[in-house]
Amino acid sequence: MTLAVQPLTAAWGNLHTLIPFFPIRDEQQYEQAAEALNSLLDIVGEDENHPLYDLTDTLGMLLFAYEEQHFATPDASGADILRFLMDEHGLTAADLPEIGDESLLTDILAGTRSLTVDHVKALSRRFHVAAATFV
C-alpha cells in the first residue's frame with residue numbers, strides 16, 4: 001500500500017481546525033478536547049451506527065489517557081464521583097432533576113442502578129467536567 005502523504009497531510013490539518021484530535025499535552029488542550037467530546041456526545045449519544053461514533057470514542061480515549069497521566073484519582077465509580085460532587089456543592093437528590101426522580105438517584109448512589117449516557121452528559125454539563133469523569 002502506498003500512502004498518499006499529501007492528501008493525508010491536508011486532511012489531518014483540516015481535522016485539527018475542526019476538533020482537537022491529537023494526543024493531549026496540556027490543560028488547555030484537555031479543556032478543548034473535553035468541550036468537543038461533550039458536544040459530540042450531545043449529537044452521537046449511544047448510537048454506535050452514527051458516523052461520528054468512532055471519532056467520539058477515540059476522543060474519549062485521548063481524554064482518558066491524559067487523565068490517567070495527570071490526575072491521580074483513586075478507583076471510583078460514577079456514583080462515587082457523583083456523591084462527592086453532591087457533597088462538595090451541598091446538593092440533595094431533589095437538586096438533581098436531570099437524573100430523574102429521587103428514588104432513581106438513590107438507587108444510582110447505592111449502586112443498584114447505573115448512570116445512563118444521558119445522565120453522564122447532563123452531569124458533565126452541570127458540574128463542568130469531562131463526561132469521562134463518570135465512566
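Helices here are DSSP runs of H or I with at least four residues, strands are runs of E with at least two, and both are numbered from the N terminus. Phe 64 has a relative accessible area of 47%, so it is called partly exposed. That label belongs to a simple scale: buried means under 20% relative accessible area, exposed means over 50%, and partly exposed is in between, using a 1.4 Å probe and protein chains only. Phe 64 and Thr 133 are 69 residues apart along the chain, and their C-alpha atoms are separated by 8.8 Å.

Before going on, please keep in mind that this is a predicted model, in which local features need pLDDT of at least 70 and side-chain atom pairs count only at pLDDT 80 or more, while totals for chains, interfaces and linings use all residues. Residues are numbered from 1 along each chain as its sequence is written, and side-chain values use heavy atoms, with hydrogens and water left out.

Now for the whole protein. It has 6 helices and 0 strands, and along the sequence the pattern reads α-α-α-α-α-α. Along the principal axes, the C-alpha atoms fill a box of roughly 60 × 30 × 25 Å. Of the 135 residues in the protein, 33% are buried. Contact means heavy atoms within 4.5 Å. Taking the contacts between residues at least 6 apart in sequence, 53% join residues at least 24 apart.

Sequence distance can also go along with distance in space. Ala 4 lies in the segment before α1 (5-18), and its relative accessibility of 44% is why it counts as partly exposed. Between Ala 4 and Asp 118 there are 40 Å from C-alpha to C-alpha, and the two are 114 residues apart in sequence.

Back in helix α3, which spans residues 53-70, we find Thr 56. Is Thr 56 buried or exposed? Its relative accessible area is 7%, so Thr 56 is buried. A polar atom of its side chain lies 2.8 Å from the backbone oxygen of Leu 52. Setting aside neighbours within four places in sequence, Thr 56 is in contact with Leu 37, Leu 40, Leu 41 and Val 44.

Next, look at how two helices meet. Helix α4 (residues 78-89) and helix α5 (residues 102-110) pack at an angle of about 115°, and their axes are 8 Å apart. Here the axes are lines fitted to C-alpha atoms, for helices over the stretch in contact, and angles run from 0 to 180 degrees between N-to-C directions. On the α4 side, Ala 79, Leu 82, Arg 83 and Met 86 take part, and they meet Leu 105, Ile 108, Leu 109 and Ala 110 in α5. These residues divide into 7 nonpolar, no polar and 1 charged. In this count, Ala, Val, Leu, Ile, Met, Phe, Trp, Tyr, Cys and Pro are nonpolar, Asp, Glu, Lys and Arg are charged, and the others, Gly among them, are polar.

Which residues of α5 are buried? They are Leu 104, Leu 105 and Ile 108. Because they cover an arc of only 95° around the axis, they are on the same side of α5; the arc is that of the directions from the helix axis to the C-beta atoms. The buried residues of α5 pack against α4 and α6. Just after α5 comes Gly 111, with a positive phi of about 90°.

Helix α6 has buried residues too, including His 119, Leu 123 and Phe 127. What covers the buried residues of α6 includes α2, α4 and α5. After α6 (117-127) comes the segment that holds His 128. His 128 has a positive phi of about 60° although it is not a glycine, and at 71% relative accessibility it counts as exposed.

Finally, let us turn to the core. In soluble globular proteins, nonpolar side chains tend to be buried together. A nonpolar core is a set of buried Ala, Val, Leu, Ile, Met, Phe, Trp, Tyr and Cys residues joined through side-chain atoms within 4.5 Å. The largest nonpolar core has 31 residues, and those touching the most other members are Leu 82, Leu 96, Ile 99, Leu 115, Leu 123, Phe 127 and Phe 134. The elements giving two or more residues to this core are α2 (27-44), α3, α4, α5 and α6, and α2 gives the most, with 7 residues. Leaving out residues up to four places away in sequence, Leu 96 touches Leu 82, Met 86, Leu 91, Leu 105, Leu 123, Arg 126 and Phe 127.

Notes. A polar contact is a pair of N or O atoms within 3.5 Å; within protein, one must be able to donate a hydrogen and the other to accept it, and residues adjacent in sequence count only if both atoms are side-chain atoms.
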